[in-house]
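Q: Can you walk me through this model? I'd like to go over domains, core and surface.

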Amino acid sequence: RAVAMSVSHSSRLNKLVREQYMRLPQGGLVQVTYVWIDGSGEGVRCKSRTLDKEPKSIEDVPEWNFDGSSTAQAEGSNSDMFLVPVCMFRDPFCLDPNKLVLCEVLKYNRKPAETNLRHTCKKVMDLVKDSHPWFGMEQEYTLLGINGHPYGWPDNGFPGPQGPYYCGVGADKVYGRDIVESHYKACLYAGVKICGTNAEVMPSQWEFQVGPCEGIEMGDHLWMARFILHRVCEDFGVVATLDPKPMTGNWNGAGCHTNYSTEEMRRDGGLRHIEAAIEKLSKRHDYHICVYDPRGGRDNSRRLTGHHETSNIFEFSAGVANRGASIRIPRQVGQDGFGYFEDRRPAANCDPYAVTEAIMRTTVLNETGVETKDYADH
């Protein structure tokens, strides 16, 4: 009964009835669902329209608009915002030929909305494209019942201490695997570059990985993977939270560890380029902490305590195979002398555009200090 009460009412609607309608032919018309980041910088919104034929490329998808006063992005007296399509995926919910389209948000004057961090990220990625930056991001999240309590946890009290849950198997070890596997398949169908998943250290916490992606593609694919996760969870009647510390106390927080390399790091002798990049990062720790969560580091301060496999938010550290460091060099990379490194500081609710842009500004464009350079005129 406790489990049944923790899911949403709409998830209990008869899905067989829905399937009857979903099988109806579309008469050559196509549903396109536009997806965008709202004024919180964390939430995603969507709405759909009909196109006369299947779009073959992003150029075939027209611009659209929405009411920004209802998404904390505009005043009611001047509320229209532009949706500019930037990346297209197959739709795993309505199936082919229907599409999911990720969009940038522009204001009435065609300037990027405050939470449109893709715009400057794209400029930076275009500048550094010759270094061929690859990213892989590890998205941790926590499943909650509709009551806000971790899914599968006792109504009163707590599960046993951490230990048996990480990569666990068994009904007493993991909660919500149906959601995780459905999300994985949906991402594969959509064309999202999802590359793995596992149960995490805290019960009802999970992780999926996206990558390797080059440049701007990292943010595009992670945001669409997040949208698909929330949409899958909606079908099951539970909530996925990206809060970096959903449960206070002796429980692991949730991060979005970011693996990164340039072409020269991936070649023989690349370790010296990795070490040089880490040296640059060490001198700009405060700047990175400010952009690694949507609240200038306040969210991460609950997570980066120096405990539960994290570094301390006030200190920069790096080490081989050290999960308590800001930057981890994988042991294999240390042995091979080339490869990649992992920045463990980004919070689960970070904007991947902000994270990847910051890493490029520091390690390739050699920016220093807390100010960023405007490359608009270059």
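A: Domain bounds here come from an automatic or database domain assignment. That assignment gives domain 1 (9–115) and domain 2 (125–364). The model is predicted: local features need pLDDT of at least 70, side-chain atom pairs count only at pLDDT 80 or more, and totals for chains, interfaces and linings use all residues. Residues are numbered from 1 along each chain as its sequence is written, and side-chain values use heavy atoms, without hydrogens and water.

Q: What separates the centres of domain 1 and domain 2?
A: 26 Å, taken over C-alpha atoms. Their contact (heavy atoms within 4.5 Å) takes 21 residues from domain 1 and 23 residues from domain 2.

Q: Which residues touch the most other members of the largest nonpolar core?
A: Tyr141, Leu143, Val192, Met224, Ile228 and Phe341, out of 71 residues. A nonpolar core joins buried (under 20% relative accessible area, 1.4 Å probe, protein chains only) Ala, Val, Leu, Ile, Met, Phe, Trp, Tyr and Cys through side-chain atoms within 4.5 Å.

Q: Where does this core lie, and why?
A: Between the domains, because domain 1 and domain 2 both give residues to this core.

Q: Now Val192. What is Val192 in contact with, leaving aside neighbours within four places in sequence?
A: Phe89, Cys187, His221, Met224, Ala225 and Ile228.

Q: And what does the second core include?
A: That separate core has 15 residues, among them Val30, Ile58, Val61 and Met81.

Q: New topic: is Leu24 buried or exposed?
A: Exposed (the cut-off is over 50%): Leu24 has a relative accessible area of 52%.
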